[in-house]
Every structure is written in C-alpha cells, then in structure tokens.
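Student: I am new to this structure. Please show me how to read it.

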Amino acid sequence: MSIERTLSIIKPDAVSAGKAGAILQHFEDKGLRVVASRKMTLSRSQALAFYAVHKERPFYESLVEFMTEGPVFVSVLEADSAVSYHREVMGATNPSDASDGTVRALYGSSIERNACHGSDSLENAQIEIGFFFSGAELLA
Ligand code: ATP
Ligand code: MG
C-alpha cells in the first residue's frame with residue numbers, strides 16, 4: 001500500500017439536495033483526508049473537456065448537461081490506495097447496484113445522477129487533480 005491522491009467530485013444532484021457536507025464527512029469518516037476542496041459551477045467547456053474520454057458514449061451530452069446544471073464540490077482526497085479505496089467508498093456506478101452504505105447507495109438516484117465522481121486510475125487521478133488544482137493548493 002502507498003499513499004495516493006484522487007480527484008473526487010460531489011455532483012450537482014447531491015449538492016442541490018444539501019448533501020455535500022454529509023458526503024465530505026462520509027469520506028473523512030472512512031479515512032480519506034481532504035487535501036483541497038472547492039465549490040464551483042463547471043462551464044460547458046470544462047465539463048466537455050473533463051469527460052472527453054466519454055465523448056463517443058450515447059450519454060455524453062446528457063452527462064455534460066447534468067454536470068453543469070448547478071454547483072459541484074471538487075476535492076483532492078488522500079489515503080493509502082486512495083484511487084481504488086475512494087471508488088469502493090462511492091459504490092457501483094448505478095446506485096441500484098451499489099453496496100449498502102456506499103455514497104451512491106445513500107445519495108444517488110440513477111445511473112447518471114449518482115452523487116459523486118472518482119478517478120479510475122492513478123494516472124487519471126494525476127491528470128484530473130491537475131485539471132482543477134494548482135501546485136500551491138496541494139501543499140496541505
Ligand atoms: P465517474 O467517472 O463519474 O466516477 P464511473 O467511473 O463509475 O463514474 P463512468 O463509466 O466513468 O462511471 O461514467 C461516468 C459517468 O457517466 C457516471 O458516473 C454517470 O454519471 C454517467 N453514466 C455512466 N453510464 C451511464 C449510462 N448508461 N447512462 C447515463 N449516464 C451514465
Ligand atoms: Mg469514470
């Protein structure tokens with residue numbers, strides 16, 4: 001095991017439902033340390049770029065619309081094996097498949113409106129962290 005950092009996004013469905021604080025607390029209670037966090041509203045161009053990996057998927061346009069409909073919290077979280085561990089704490093993409101007690105089981109409502117995002121590899125975590133945060137913000 002080694003200490004890693006991952007990029008976490010609390011999505012607009014959860015923020016508008018007033019669950020951002022509860023979800024960040026959930027991550028902290030599970031041992032994910034908050035290195036940096038910011039509330040922001042993604043522009044269309046930011047969402048298109050962030051999810052460009054999905055641009056051929058049928059849900060891409062809908063996902064971009066969803067991710068720009070209101071504010072999100074973008075955070076850098078740190079723990080042993082943070083990338084895979086954060087995804088375990090989030091639960092499966094579809095909340096109806098997510099294990100009891102995971103963030104998506106607790107707060108997600110559909111395969112799209114699933115409350116949170118987490119990087120899927122260490123390489124992508126570094127790219128996604130750099131997309132949202134500068135070096136000086138990551139010294140905590
Ligand atoms: P994320 O990247 O947000 O952490 P994930 O890695 O579990 O989620 P991906 O396959 O990367 O899942 O899909 C990215 C996001 O696109 C999902 O979190 C969800 O919001 C949306 N999405 C995925 N599959 C579908 C689908 N079949 N229909 C609608 N939206 C979807
Ligand atoms: Mg993904």
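Student: Which distance separates an oxygen atom of ligand 1 from an N or O atom in the side chain of His117?

Tutor: A polar contact is a pair of N or O atoms within 3.5 Å; within protein, one must be able to donate a hydrogen and the other to accept it, and residues adjacent in sequence count only if both atoms are side-chain atoms. For His117, the distance from a side-chain N or O atom to an oxygen atom of ligand 1 is 3.0 Å. Ligand 1 taken alone exposes 580 Å², and the protein buries 81% of that. Such areas come from the Shrake-Rupley method with a 1.4 Å probe; for residues, only the protein chains shown count as cover.

Student: How far is ligand 1 from the side chains of Lys11 and Thr93?

Tutor: An N or O atom in the Lys11 side chain is 2.8 Å from a ligand 1 oxygen, and a polar side-chain atom of Thr93 is 2.5 Å from an oxygen of ligand 1.

Student: What should I know about the model and its numbering?

Tutor: This is a predicted model, where local features need pLDDT of at least 70, side-chain atom pairs count only at pLDDT 80 or more, and totals for chains, interfaces and linings use all residues. Residues are numbered from 1 along each chain as its sequence is written, chains are lettered from A and ligands numbered from 1 in the order in which they are written, and side-chain values use heavy atoms, leaving out hydrogens and water.

Student: Is Glu78 buried or exposed?

Tutor: Buried means under 20% relative accessible area, exposed over 50%, partly exposed in between (1.4 Å probe, protein chains only). Glu78 counts as buried because its relative accessibility is 15%. The Glu78 side chain also makes a polar contact of 2.8 Å with that of Arg5.
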